[in-house]
Amino acid sequence: RYIGGKVKEKITEGNLQYHHHQHYSSIDPQLIPPLYPTNVEKIKIQTFSRIRLEHTIATHQWILKKSSSPICSCGQILTIKHILCNCLNFSLARSIAFKTINPLDFLKSASEQNINSIYYFITMTRLNI
Ligand SMILES: [Zn+2]
């Protein structure tokens, strides 16, 4: 999914990583990094940002290692959408963190509540994000 297989990224002062990506542009066509609330812990914002950009260790390490696509513990291909929306292994965590709301809706704006919900879900999944 990456042109030439290269991952271009720059690390900002807050250690948030941005790069142009299909997943990102589908959520935010302007490609403008969102303004994050200043009262939220950095680790939560970093987790939210990585999920939002679909740039996580769990799902993208294989690109850096040039190995085959990552497979979830359930046997499906490991993607952010799979983790957030589909994986049966995380259905309990999903219902606790997101209730009946579509998990992808939490990525649409970087509100404190959305960041906390995403972070809460990820801590429950124990995934390396
Ligand atoms: Zn799964």
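Colleague: In what order do the elements of the protein chain run, from the N terminus on?
Modeller: The order is β-β-α-α-α-α-α-α. Helices (H or I, at least four residues) and strands (E, at least two) are DSSP runs, numbered from the N terminus. It's a predicted model: local features need pLDDT of at least 70, side-chain atom pairs count only at pLDDT 80 or more, and totals for chains, interfaces and linings use all residues. Residues are numbered from 1 along each chain as its sequence is written.
Colleague: And how many helices and strands does the protein chain have?
Modeller: There are six helices and two strands in the protein chain.
Colleague: What share of the protein chain is buried?
Modeller: Of its 129 residues, 26% are buried. Buried means 20 or more other C-beta atoms (placed from the backbone) within 10 Å, exposed 12 or fewer, partly exposed in between.
Colleague: Let's look at α6. Which residues in α6 are buried?
Modeller: Ile 115, Ser 117, Ile 118, Tyr 119, Phe 121 and Ile 122 are the buried ones in α6.
Colleague: OK, and what covers the buried residues of α6?
Modeller: The cover includes α2 and α5.
Colleague: Start with α2 then. At roughly what angle do the axes of α2 and α6 cross?
Modeller: Helix α2 covers residues 42–52 and helix α6 residues 112–125, and their axes cross at roughly 85° and come within 9 Å. Axes are lines fitted to C-alpha atoms over the stretch in contact, with angles from 0 to 180 degrees between N-to-C directions. The two helices are therefore roughly perpendicular to each other (65 to 115 degrees; under 35 is roughly parallel, over 145 roughly antiparallel, the rest oblique).
Colleague: Which residues meet where α2 and α6 come together?
Modeller: From α2 you have Lys 44, Ile 45, Thr 47, Phe 48 and Ile 51, and they meet Ile 115, Asn 116, Ile 118, Tyr 119 and Ile 122 in α6. Contact means C-beta atoms within 7 Å.
Colleague: Is Lys 44 buried, exposed or partly exposed?
Modeller: Lys 44 lies in helix α2 and is partly exposed, because 19 other C-beta atoms are within 10 Å. Leaving out residues up to four places away in sequence, Lys 44 touches Ile 115, Asn 116 and Tyr 119.
Colleague: How far apart are the C-alpha atoms of Lys 44 and Ser 117?
Modeller: Those two are 73 residues apart along the chain, and their C-alpha atoms are separated by 9.6 Å.
Colleague: What about the buried residues of α2, which are they?
Modeller: In α2 the buried residues are Ile 45, Thr 47, Phe 48, Ser 49, Arg 50, Ile 51 and Arg 52. After α2 comes Glu 54, with a positive phi near 50°.
Colleague: Switching to α5: at what angle do the axes of α5 and α6 cross?
Modeller: The axis of helix α5 (residues 91–98) crosses that of α6 at roughly 155°, and the two come within 9 Å. That makes α5 roughly antiparallel to α6. On the α5 side, the contact is made by Ala 93, Arg 94, Ile 96, Ala 97 and Phe 98, and on the α6 side by Ser 117, Tyr 120, Phe 121, Met 124 and Thr 125.
Colleague: Where does Lys 99 lie?
Modeller: Lys 99 is in the loop between α5 and α6. Its phi is near 55°, a positive value in a residue other than glycine. Lys 99 counts as exposed, because it has 8 C-beta neighbours inside 10 Å.
Colleague: Last one: is Arg 126 buried or exposed?
Modeller: Arg 126 is exposed, with 9 other C-beta atoms within 10 Å. You'll find Arg 126 in the segment after α6, and it has a positive phi of about 60° although it is not a glycine.

Definitions and conventions
Contact = placed C-beta atoms within 7 Å.
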